[in-house]
Amino acid sequence: MEQIIATGSVIRGWIGVEAQEITPEIAESFRLSSTNGVLIAGVLRGGPAEKAGLKPGDILVAIEGSPVKDPNSMLNLVAALVPGKPASIRFRRDNKDVDVQVAVGKRPTQQRRRR
């Protein structure tokens with residue numbers, strides 16, 4: 001509400017990733033001990049996540065210290081980030097946790113299709 005009053009719109013954080021739920025089968029194939037987190041299925045070229053070093057196949061496990069449980073929780077955590085400010089992200093690659101800072105971007109507006 002405060003953002004709407006101050007700027008006339010709601011500004012959401014964005015990091016430029018496509019996330020996939022970790023099913024028991026995916027957890028087994030990646031040798032994960034649980035289905036918590038999200039599988040990074042895609043990373044937008046030139047986006048904040050790519051610049052921070054994330055790659056498809058990484059497992060995103062925490063944003064700003066809050067655990068990522070599934071794609072929905074990831075979207076909520078990312079949307080709450082402030083564009084233009086760095087955010088800490090923890091991901092797992094090759095069974096090792098990696099902590100990086102990502103420069104949060106502003107979520108692009110979706111283009112409406114003309115009929």
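Author: Let us take aspartate 58, which, leaving aside residues up to four places away in sequence, touches Val38, Leu39, Ile40, Gly53, Phe91, Arg92 and Arg93, where a contact means heavy atoms within 4.5 Å. Please keep in mind that this is a predicted model, in which local features need pLDDT of at least 70 and side-chain atom pairs count only at pLDDT 80 or more, while totals for chains, interfaces and linings use all residues. Residues are numbered from 1 along each chain as its sequence is written, and side-chain values use heavy atoms, with hydrogens and water left out.

Aspartate 58 sits in the loop between helix H3 (48–52) and strand E4; helices (H or I, at least four residues) and strands (E, at least two) are DSSP runs, numbered from the N terminus. With a relative accessible area of 2%, aspartate 58 is buried, a word used here for values under 20%, whereas exposed means over 50% and partly exposed lies in between (1.4 Å probe, protein chains only). Its side chain also has a polar atom 2.7 Å from the backbone nitrogen of lysine 55.

What follows in the chain is strand E4 (residues 59–63), which runs antiparallel to strand E6 (residues 86–93) and is joined to E6 by four bridges; two strands pair if DSSP finds at least two bridges between them. In this pairing, isoleucine 59 stands opposite arginine 92 in E6, and Arg92 is also one of the residues that aspartate 58 touches.

E6 and E7 form a hairpin with two residues between them, and in the turn aspartate 94 has a positive phi of about 55 degrees.

To place this part in its setting, the protein has four helices and eight strands, and from the N terminus on they run α-β-β-α-β-α-β-β-α-β-β-β. Of its 115 residues, 33% count as buried, and aspartate 58 is buried as well. Among the contacts in the protein with a separation of 6 or more, 49% come from residues 24 or more positions apart.

Terms used. A polar contact is a pair of N or O atoms within 3.5 Å; within protein, one must be able to donate a hydrogen and the other to accept it, and residues adjacent in sequence count only if both atoms are side-chain atoms.
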